[in-house]
Amino acid sequence: MVRAAAKTCPNLTRLFEDLEPKLIAEFLESKAFERLTWLEAYKLAPKEPGHPPTASKMLQQEKKDRLGPLEAEAARVVTIASTRGQYVLEGLAKTKLEPDRAKILLNQRNELARSLWTFANEHGLFEAAENSLHLRLYRRYDKHYQTFMAEPSVDGGPDAGSAVLDALLADLNQRLDRGDGYSIDRFDIPEEGDEPAAEMYLLYHPDPPTSVREIDDDGNRSSIYFRPPGEAMIVYTPSTGRVHVRAGNRRLRHTIAERFIETALDQTYSNQPVDFQAYDISQFLKGFDLELPELDDAAILRAQVIRADISVGNLANRLSLSTTIDQNISEIIGSQPGLPMIFERAVAIRLVEIAVRYRSAGRDDARTLNFTLTDRNTSSLLSVDDPFERVLGHSLLRYWKILRDGRSPSDSDSMAVIPALLAIWDVGAEKITGAWLLDRGVDPGLLTELGFLVPAGWEGDDLIDDEDEVGPVAAEVVVRVDEKATEAGDRKVADLKVAEGQVTPGGNPDRYRIYRVRGGWVAEHLKSRLEQVLDAPAFETLTDQLLYLGTLVVDGGDVPIYLARGLNREKVRSSVDTELRARHNLGIGLVLQAGNAPGPCLAANVLTQLADHIDNAQSEIKLMADKLRSVFRRHRILARGGQAVELTRLGEEIATLFVPGKGSIDIKGGHRIQVLQKLVDAHNAGPMPMATKDLVQGIAEDQSMANIFNQPLWDKLKEQFLRSPRKGVWEIAY
């Protein structure tokens, strides 16, 4: 049987059928194929470029697996040969290539020839076109990219080969610490539709070394060790000041954006999200009719929902109904017995597909635009090739109030969301549930509109603890319609159904929505609001859990102010304690905590809950500086260690040791507290040193002091709070 080459390798077939032998020869000589020794038999003779391509025989003779690398590269060539790819390629070529080279490219006989010529002769330009095309498809809505705020610029960003870019590479080399091998190329992206002109910087950086196993045609196996190249893309739009970054992970994107804005643009970096948008398709639970707007650049002839996916009974059950643009989906639902009741009682709307028939200005023919929207904040509109249709689609979604653009918080917004932001930042979770928000009286709609939260779908299976301590069991969210007679009529409720089939009340279905937290924006907003009360703001990120905000003048002296989170977790509290002790040269400070961990002191600093110092009577968030000064004066003696050696319990498992002149230290754990209580009692009764065996008697007799306290805490105690007058004996260092 003859292999159908057009089906197994459609892109490679198109190249061989449509392009002249010279270009095919250049394609086969590409560096990407230099390890394919079997390909030598099919390459064209260099002295006979016009000879019929023997390479086409490979489509009939070679297996699909062997042709895979060629087909993959051919697919890239065909993609850039598309209308949008050619627009990008030509725009980049005019600004990047020398006039003679650009002329050779543009004089190729068709789009496919131009794409292949660029692939073979200007590969850097070809990759830039691919990146630019990817950018236009995905840079919105956090798809592969993140967008950062910078200031607009008349002169734009740094030029190629400039000292500024060299400084950026050196800065990134130091920050990423991955060895040498950094490079950066600059390209100008032309204006397209509603997209303004931009500058693209392709950054190449080394990734950690790795290895792969290889087998040749003779079955010989070997390992290849190499350092794979990492790639990041930075796009700066001078007219708007927006910086879009694509990189391997979120942390790397933030690092690259920060260094580009501060080093290359010489501006202040901000974590505030920009261009953030969210799709809200919940309105389709009430109906599917779409109003036709009047637009200047297009006449909308018809707009219909042609597909709707809903959840029935519980979130795992999906029901889909599809039709065509010439049908009315609402009429179809109404004409089928029982179907209207099913849609009315739907748990959630999961996906809709919209078809729009329109006639653009200056054209007589009508065209149709189709795109989908989901409850996970995604849309196929981003992959529409025609830029006019992408703009048209977004305009319609805004008109129908489906697409909602984010906005910066006003003063009143800040006042409304600050308690929730403190709780969210204190937890430090990447995702939170609707239940977590509703239990705290937080409006997720406002936090989403302001960019602090991003909708991320629904909860699936949960793990809940068995009351008999047998272990966690799987629980499913089941949403049903309560048909009991009430004044408000039927209502939706959620239950939790465990694996054994038992159903328990779960409450409001909104409790099971999932939101992703933009942690950087939360911290940025808190910082910008809090530093307004300080006499000398000087923001610095000390750790992920500890921020330095600046100083506040108290009794003629500068008091350092910190913001901390997660102090109710022992590991975090110990880490913050260590960091603060390393800054003892700054003097006693004031630590504002986002949560409500117990204790008046932390590492010779005054500790207080931030929420206690916000003036709720005002329309905008405002810290009461006088109250901050008052709590500092009240507890600074304790921060120094108090006036007597004592161990103060803050709960069943936590206590604070105070040693005058030495400060204070938190102790968590019953055995640790008992050991220190013996030392404190001995000091206050004598003082009298105690032997280690007496300290651990009846507590943990088979363990050393280092094992009881763990080495980091034990080192802190020995350094400042305890001393050993002789081997095996301990006392309070006072």
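## Strands, helices and salt bridges in a predicted model

Colleague: Which residue of β11 stands opposite Ile 310?

Modeller: Ile 310 has Ile 349 of β11 opposite it. Please keep in mind that this is a predicted model.

Colleague: How many bridges join β9 to β11, and in which direction do the two run?

Modeller: β9 covers residues 298–311 and is joined to β11 by 12 bridges. The two strands run antiparallel.

Colleague: And what joins β11 to β12?

Modeller: Eight bridges do, and this pair also runs antiparallel, with β12 spanning residues 367–374. One of the pairings puts Ala 355 against Asn 370, its bridge partner in β12. β11 and β12 form a hairpin, with six residues between the strands. In the turn, Gly 362 has a positive phi of about 85 degrees.

Colleague: How many residues of β11 are buried?

Modeller: Of the 13 residues in β11 (residues 348–360), 11 are buried, so the strand is largely enclosed by the rest of the structure.

Colleague: Let us turn to another sheet. What is the strand order in the open sheet of three strands?

Modeller: The order is β14-β20-β15, and the pairing is antiparallel. β14 (431–433) and β15 (453–458) are the edge strands, each pairing on one side only. On average, neighbouring strands of this sheet are turned by 35 degrees against each other, direction ignored.

Colleague: What joins β14 to β20?

Modeller: Three bridges join β14 to β20, which covers residues 513–517. Ile 432 has Tyr 515 in β20 as its bridge partner.

Colleague: Now the helices. Which residues of α3 are buried?

Modeller: In α3, residues 21–28, the buried ones are Pro 21, Leu 23, Ile 24, Phe 27 and Leu 28. Seen down the helix axis, the buried residues of α3 fall within an arc of 160 degrees, so they line one face of the helix.

Colleague: What covers those residues?

Modeller: The cover includes α2 (10–18), α4 (58–61), α5 (64–80) and α8 (111–121).

Colleague: Which members of the largest nonpolar core touch the most other members?

Modeller: That core has 48 residues, and those touching the most other members are Leu 12, Leu 15, Phe 27, Met 58, Leu 70, Leu 92 and Met 200. Helix α5 gives the most to this core, with six residues. Leaving aside neighbours within four places in sequence, Leu 12 is in contact with Phe 27, Leu 59, Leu 67, Leu 70, Glu 71 and Ala 74. Another core, of 47 residues, lies apart from this one and has Val 417, Leu 422, Phe 452 and Leu 534 among its members.

Colleague: How many salt bridges does the structure hold?

Modeller: The structure holds 27 salt bridges. In one of them, the side chains of Arg 109 and Glu 20 meet at 3.0 Å, N to O.

Colleague: Where do Arg 109 and Glu 20 lie?

Modeller: Arg 109 is in the loop between α7 (99–106) and α8, and Glu 20 is in the loop between α2 and α3, so the pair ties together parts that are 89 residues apart in sequence. Arg 109 is exposed, at 52% relative accessible area, whereas Glu 20 is partly exposed, at 29%.

Colleague: What about Glu 73: which residue does it form a salt bridge with?

Modeller: Glu 73 forms one with Arg 76, with 2.8 Å between the closest N and O atoms. Both residues lie in helix α5, three residues apart, which is about one turn of the helix. Glu 73 is buried at 14% relative accessible area, while Arg 76 counts as partly exposed at 22%.

Colleague: Which residues are linked in a network of salt bridges?

Modeller: Asp 171, Arg 175, Glu 258, Arg 259 and Glu 262 are linked in such a network.

Colleague: A last topic: is Leu 590 buried or exposed?

Modeller: Leu 590 is buried, with a relative accessible area of 1%. Leu 590 belongs to strand β24, residues 590–593.

Colleague: How far apart in space are Leu 590 and Leu 607?

Modeller: They are 6.1 Å apart, C-alpha to C-alpha, although 17 residues apart in sequence.

Terms used
Residues numbered from 1 in each chain as written. Predicted model: local features only at pLDDT ≥ 70, side-chain atom pairs only at ≥ 80, totals over all residues. Heavy atoms only, no water. Buried < 20%, exposed > 50% of the residue type's maximum accessible area, 1.4 Å probe, protein only. Helix = DSSP H or I, 4+ residues; strand = E, 2+ residues; numbered from the N terminus. Arc of directions from axis to C-beta. Contact = heavy atoms within 4.5 Å. Pairing = 2+ DSSP bridges. Axes fitted to C-alpha atoms, helices over the stretch in contact; angles between N-to-C directions. Core = buried A, V, L, I, M, F, W, Y, C linked by side-chain atoms within 4.5 Å. Salt bridge = Lys/Arg side-chain N within 4 Å of Asp/Glu carboxyl O.
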